[in-house]
Amino acid sequence: MFSLLGSLRTASVVLAFATLVSGLGTTCSTSLGAGTSGPNDPFWMESIKHQGKSPFNPNPSSYTVFRNVKDYGAVGDGVHDDTSAINAAITAQGRCGGGSCASSTISPAVVYFPKGTYLISAPIIPYYYTQLIGDAKTPPTLLATASFSGMAVIDADPYIPGGGGAQDWVNQDNFFRSVRNFVIDVRQVPATNSQGTGIHWQVSQATSLMNIVFQMSAASNTAHQVSSCQASGWKTAVVAISYMGDLVFNGGKYGIWGGNQQFTVRNITVNNAQTGVYSSWNWGWTYQGATFNNCQVGFDIATGGITQGTQTTGAMAIIDAVATNTPIFARTSQPSNGALAGSLVLNNVKLNNVPVAVGVVGGTVVLNGGTTTIASWGQGNVFKGTNPTGVFTKAKRKDHPQYAAYSASQFVSVKDHGAVGDGVTDDTAALIDIFNKYSGCNIIFFDAGTYVVTNTVTIPAGTQMVGEAWTVLAGRGGRAIVIEWNVKEPSGVQAGAGMWDSHIRIGGAQEPIYKAINVQAVVPEALRMFWGFFELALDLSIDRVYRGAWAWLADHDLDLAGEGQLTVYSGRGILSESQAEHHAIYQYNIVNAASHYMGLIQTETPYYQPSPVSPSPFSINTTFHDPTPYSGNPSAWALSIVNSHNILVFGAGLYSFFQDYSQTCLNAEACQSQIANIDTASTGVNI
């Protein structure tokens, strides 16, 4: 198993994950084995030495990345009000928030909660580039008081009082947030009080919710819920893709009240709620592993429109779901009557005493239920190629590893073994030495920092590595492949090789690494730069899982006032269950592949195209199977599938919003004439 909890930004050299290496370092004769943490021991993150830094912060030597809320006055006894102490831990040292900072990468923070019960009377507001992490062994409880005042216990994008609807952050740029390992309990809040919301999660890319239990009122008049957005003013403002997984919802009017462009949601359980999931609008959500017990409705889906003015639920894909003692599994707000904007797809849905599988508000039954299993069913607009037979496959499941069973002594810090992480020192030799010594022997811990590499760093198969506050591995040098992945999962182990909550970013931050890039021109509205041959190159003969990954060729700078526009050129994107944006030739290129599952994928065409047209400023390279641009005035392919078989894209958002940085093309929906290509040699391709 491989876990990389870091932000792989602009690693211009190859970061190679090799399958031919033994995977066992020189410091041990046997592999690491099981965790040794005792039942009363704290989570390893609490007791490991913390020496991470933010090298580009104005005060790097004194800036604190890891913050234990108890060091800021929180008690965690369920009696003392800990709200102010927790928010002090988040905001200390001039971090990015409060409505005065649009974005920043130079003040990251891991805000850690030891086990306990923390009394909360007002919202906890995670600032930009914040991870809220509880003890994974005994998740702490955030207990809302009966007089709780505010939108939600955790509010990721507060509305500014008197601001006319303005918020602390712009929705589509609200990047880099993570919350995991908590119990959020709002049952003391009166059932009818709308303040009984667990999380207001109005976020965008590189964000995640994981391993959280929500306790809400089960009263018949309850208003409690967990919200991924606000209904008003949000239908056209948010450009986001995010991940939620391993969540349990007990009680409530809604488990999830959701409206956002696209989300991937895995492993959720909703017990005794009136509605498990309410979908107010989306462009595409994928749910895998949803369980409903004793709810009135599983999925309640607003339908009927997909234009900017009428947007409801555009696409809902539901995979591997179970509903028990729930009268209606899924219902739409409008009947199809033979034609309905949007789509609903069910795959492998098991029903136990569920009379209506799919219905319409008002009582119409579209698909009968009972005690049965729905292998596959769908409604929506179907586009068929030369092979019209649909084939559904199941995706592999592998949860985000947190190593809760391991003790701090089973980790080794890269800073304790020669790496510096100051964004200046070349750490290549130190990292190579660390992998050679400790891979397979210990979990390798990358303290927060920016680790410069100037040559290929090979990570042996069997390596387990974890970062802190999106640790940065920053490549310095010319054009190259950012990551090359050649690790095959162990025999008999599903999803034994993977990458979670890890992001590739080219450009878009303050680090002086970028100043070494060949700057082609500086114009008032843009910084134009060349970079990147590939972001991620994969050996398609091997199995792997990438979840919650974002490969971003930056279109703006997160550390400049006003988030200044950038023009950065990179030729090729990735092939994975992830997200790619803004590459000149393609975002996803699947060649000579088989049995590929991708869900949910999202792309954006470079904003500068077609000026220049694709593939400029690069050239087509047949060695790497580059697809040929379409004729005329081409922009990059979002998805190209060539000579491949049994490819399932279970949810996709392939977007083109600009022409030469102008959005006038949106009026006629004519920003790009072609965006996806499947050749005639490919079979069993379903999108």
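Which cysteine forms a disulfide with Cys665, and how far apart are their sulfur atoms? I began my notebook with that one, keeping in mind that this is a predicted model.

**Entry 1: the Cys665 link**

I found that the partner is Cys671, and the two sulfur atoms lie 2.0 Å apart. I then looked up the handedness: the torsion about the S-S bond is about 85°, so the disulfide of Cys665 and Cys671 is right-handed. Next I checked accessibility at both ends. Cys665 has a relative accessible area of 7% and is buried. Cys671 comes out at 6%, so I noted it as buried too.

How many disulfides does a search of the whole structure find? The search returns three. Counting bonded cysteines along the chain, I wrote the pattern down as 1-4, 2-3, 5-6.

**Entry 2: Cys96 and Cys101**

I turned to Cys96 next and found it in a disulfide with Cys101, with 2.0 Å between the sulfur atoms. The angle about the S-S bond is -100° here, and the link of Cys96 and Cys101 is left-handed. Buried or exposed, I asked myself, are Cys96 and Cys101? Both cysteines turned out to be buried.

**Entry 3: Cys28 and Cys441**

Cys28 is joined to Cys441, with an S to S distance of 1.8 Å. The link connects distant parts of the chain, 413 residues apart. I located Cys28 in the loop between strand S2 (15-18) and helix H1 (44-47), and Cys441 in the loop between helix H3 (428-438) and strand S24 (443-446). The torsion about the S-S bond is about -75°, so I recorded the disulfide of Cys28 and Cys441 as left-handed.

How accessible are the two ends? Cys28 has a relative accessible area of 21%; because buried means under 20%, I put Cys28 down as partly exposed. Cys441, in contrast, is buried, with a relative accessible area of 7%.

**Entry 4: a look at Cys295**

I also looked up Cys295. Its relative accessibility is 0%, so Cys295 counts as buried.

**Entry 5: the sheet with S24**

Since Cys441 sits in the loop between H3 and S24, I went on to see what those two elements do. In which order do the strands of the open sheet run? I read the order as S22-S24-S27, three strands with parallel pairing. Strand S22 (411-413) and strand S27 (465-467) are the edge strands, each pairing on one side only. On average, neighbouring strands of this sheet are turned by 30° against each other, direction ignored.

I then went through one pairing by itself. S24 and S27 pair in the parallel sense, over three bridges. Phe445 stands opposite Val466 in S27. Helix H3 packs on the sheet and touches S22, S24 and S27. The direction of H3 makes about 155° with that of S24.

**Entry 6: Thr428 in H3**

My last stop was Thr428, which has its place in helix H3. Thr428 is buried, with a relative accessible area of 6%. Which residues is Thr428 in contact with, leaving aside its neighbours within four places in sequence? I listed Val452, Val453, Thr454, Asn455 and Val457.

Note on methods:
Residues are numbered from 1 along each chain as its sequence is written. This is a predicted model: local features need pLDDT of at least 70, side-chain atom pairs count only at pLDDT 80 or more; totals for chains, interfaces and linings use all residues. Side-chain values use heavy atoms; hydrogens and water are left out. A disulfide is a pair of cysteine sulfur atoms within 2.5 Å. Helices (H or I, at least four residues) and strands (E, at least two) are DSSP runs, numbered from the N terminus. Buried means under 20% relative accessible area, exposed over 50%, partly exposed in between (1.4 Å probe, protein chains only). Contact means heavy atoms within 4.5 Å. Two strands pair if DSSP finds at least two bridges between them. Axes are lines fitted to C-alpha atoms, for helices over the stretch in contact, and angles run from 0 to 180 degrees between N-to-C directions.
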